[in-house]
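Thanks for making time this morning. I would like to walk you through one structure, going from the whole chain down to a handful of residues.

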Amino acid sequence: MKLKGSEILMECLLEQEVDTIFGYPGGTILNVYDSLVKYRDRINHILTAHEQGASHAADGYARSTGKVGVAFSTSGPGATNLTTGVATAYMDSSPVVFISCNVADNLIGKDSFQEVDSTGVMLPITKSNFQVTDVKKLAGTVRRAFAIARSGRPGPVFIDILKNVTAEEAEYEFIPKQKHKEAGVLKAVYDRNMVDYHKPEIDEDDINKLVEMIGESEKPMLICGGGVVRGRAHEEFNKFANLADSPTAVTVMGGGGMNGRNPLVTGMIGMHGSQASNIGVDECDLLIAVGCRFSDRVALDPETFAAKAKIVHIDIDRSEINKNVQTDHHIVGDAKRVLEKLNERLSQQDHSEWKKFVFSYPTETEYEDGGDTLNPKQLCSTIAKLMPEDTMVATDVGQHQMWAIQHFHFDYPGQLLTSGGFGTMGFGLGAAIGAKVGNPDKTVIHIAGDGSFRMNCNELTTVEHYKLPIITFVFNNGTLGMVRQWQNLIYKGNISETNMDRGPDFVKLAEAYGLKGRRVSNQEELADAIKDALASGSGYIIDCMLDIDEMVRPMVGGGSHITDFMRT
Amino acid sequence: MKGIFSVLVENKDGVLSAVSGLFARRGFNIDTLAVGETDKHDISSMTITSTGDQRTIDQIEKQLNKNVDVIKVRRLAESKSVCIEMILVKAAYNMSNRSSLIELCQIVGAKIMKVAPKYLLLEYHAEPEAVEGFIDLLRSYGIIEIQRTGTIAMEK
């Protein structure tokens, strides 16, 4: 049947079983929004306050559901406002299709109103991107974009559609998602056998060699990385850790890839890693990293990282092997399938002595009683105690993020939503909106710092309008805490532009947006506020007062040896 | 070490900038880059030469493979492939050295495309090392302008 470009786009989204879109309309995308009205019964559009909010929401939706997220924006500033969210999704391998329209073909390249070279801007921060200049190619492009976003190592894909294409008509034929490989442009691409669309075949010899290495190891250590989460391989990973009887460190992105209460967990690894994790990695004789890219925040000094160990890397992305750290053995493949194969062949190991050594070091940091303010651990443990165990946690970036990851336990993929790679302040509220929309039955909380929260708190309007009962905890220490911590530790206490000694009053801000808010400075007040927030069933801000000089501990300086803990 | 990559890519907008951007973003060198359509109009072929340590050259291959618009990457060994570069060059002459320049062209097999009052426009193609050698020899005459295609290569 003949359809307009904007309708073909909607039909293609339905082919992909998309039922939720986050976005913001504008001049060039008007035709698409015009058609959206007709599809309102099948596609739920969430209007955010800002395109950046939409980008983080689509990302949070993708991370928490495992499905591909979708965000819409108009051309020019609409598209550039998406970019921070696109880069955030790219660095953390989150599958999102971002769709923007551009000026019509008679205006392209003429510096027209709201025109920007969107695909050029998106190039280094997407897995792939497309500009659609011919309505006949629209359906194929959308199908291909979704296939790329979810295949192999997932990631964001950007589609730029010229405005005239959304108005022009073309023949459209419904093809179910499962059949896309057999039709049109995707068939041609599959036939060329491009590596990226397929899960790499796992080499059996590689598996056998690793099983042998584990058998020979007396002091094994595991790292659970973001690939375990994206690959939804948590059950397989837990089983593997138990069979190998190996202490397991978890990266920021790996939160939820291992059952957080499994006694083998040594806590976070790296710059703010626990002593047990960092010393374990330094002392082990075999280090198996699954879905982890040895970033500079984990393998702080790649030359001395796990120097006493044979390093084994399991990853779906071949380009990650030997990129940052030289490995002794690697397996390229999907975490779930690799771990399944390993679990079939691995016999139960016993490393009681080694575990005793590793767990003689703390897995969590204890803080002194906060007095008239809360301390980070009190704050996190009170929240954890009063919230359902499977609560989803979206964070912003900074000290509060590290504290949340250090002190909460995450048990399943998607439970922790955090910007690990790009470190995007202001990610949390949008991500929480995406998570709540995608998981209406789950309790969703947003952990923010006062600095991060100021950046994108405009999305409170979205929280209120769509009646999303998201509780925001502002870890309010009146400063950009992480930067202040560096200024104190590395810049000799020369505090420069990190004091947040200014408004707004977050409780009044909540009220201005039609939400409730409370300020708390001890555990009783906090507990009371949480109960009120849960009972209210609406969006809620709890402004939690912390001491300005509270630090994230332990800390190892960038580029330093992983056990060179600073005096904090 | 030197890396020679023969890369088949989709012939679509932005692929060239994606590939060159990849090199820029990750701090890899591009020594030469030659691009052209293959016998199939929807597929282009690139020859890229680069220098770096073993790990860098390995990374280049993996990163190229990762790009979804790249269809196939082949790393060519210099000894097992034919590598050719072509140049157009205006070499200056005067009455005293004109015949030696013409003689030089005859010896290496460079074609004289145009004789101008003050220069010869030469076309020369050969293995990259021979091209470098020829350019060096021309320096003593004076090079007015030079255009190079960059290396193209194919496995034997």
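This is a predicted model: local features need pLDDT of at least 70, side-chain atom pairs count only at pLDDT 80 or more; totals for chains, interfaces and linings use all residues.

Residues are numbered from 1 along each chain as its sequence is written, chains are lettered from A and ligands numbered from 1 in the order in which they are written, and side-chain values use heavy atoms, with hydrogens and water left out.

On that definition, 60% of the 568 residues of chain A are buried. How does the radius of gyration of chain A compare with that of a compact globule? Taken over C-alpha atoms, with the globule rule being 2.2 Å times the number of residues to the power 0.38, a compact globule of 568 residues would have a value near 24 Å, and chain A agrees, because its own value is 24 Å. Along the principal axes, the C-alpha atoms occupy a box of roughly 70 × 60 × 40 Å. By the Shrake-Rupley method with a 1.4 Å probe, where for residues only the protein chains shown count as cover, chain A exposes about 21400 Å², of which carbon and sulfur atoms supply 48%.

For secondary structure I use DSSP runs numbered from the N terminus, helices being H or I of at least four residues and strands being E of at least two; chain A then has 22 helices and 20 strands. With contact meaning heavy atoms within 4.5 Å, 77% of the contacts in chain A between residues at least 6 apart in sequence join residues at least 24 apart. Helix α1 of chain A, residues 5-15, is mostly covered, with 10 of its 11 residues buried, among them A:Ile8, A:Leu9 and A:Met10, but also A:Glu7, A:Glu11 and A:Glu15. Just after that helix, A:Glu17 takes a positive phi of about 60°.

Backbone geometry deserves a careful look here, since most residues other than glycine have a negative phi, and most peptide bonds are trans. A:Asp245, not a glycine, has a positive phi of about 50°; this residue lies in the loop between α11 and β10 of chain A and is buried, at a relative accessible area of 9%. In that loop we also find A:Ser246, which is buried at 0% and in contact with residues including A:Pro220, A:Met221 and A:Leu264. As for cis peptide bonds, one runs from A:Gly503 to A:Pro504, with omega near 0°, and A:Pro504 sits in the loop between α20 and α21 of chain A. Another joins A:Arg553 and A:Pro554, with omega about -10°.

Turning to charges, a salt bridge here is a side-chain nitrogen of Lys or Arg within 4 Å of a carboxyl oxygen of Asp or Glu, and the whole structure has 36 of them over all chains. In one, the side chains of A:Arg261 and A:Asp411 meet at 2.7 Å, N to O, a pair that links distant parts of the chain, 150 residues apart. A:Glu464 pairs with A:Lys467 at 2.8 Å between the closest N and O atoms; A:Lys467 also has a positive phi of about 50° and is exposed, with a relative accessible area of 60%. There is also a network of salt bridges that links A:Arg153, A:Asp317, A:Glu320, A:Lys323 and B:Lys66.

Which side chain of opposite charge is nearest to A:Asp160? Counting Lys and Arg as positive and Asp and Glu as negative, with His and the chain ends not counted, the nearest is B:Lys12, 12 Å away, and A:Asp160 is buried yet has no salt bridge. A:Asp160 is found in strand β7 of chain A, residues 157-162, and, leaving out residues up to four places away in sequence, touches A:Ser100, A:Cys101 and A:Asn102, as well as A:Phe130, among others.

Conventions. Buried means under 20% relative accessible area, exposed over 50%, partly exposed in between (1.4 Å probe, protein chains only).
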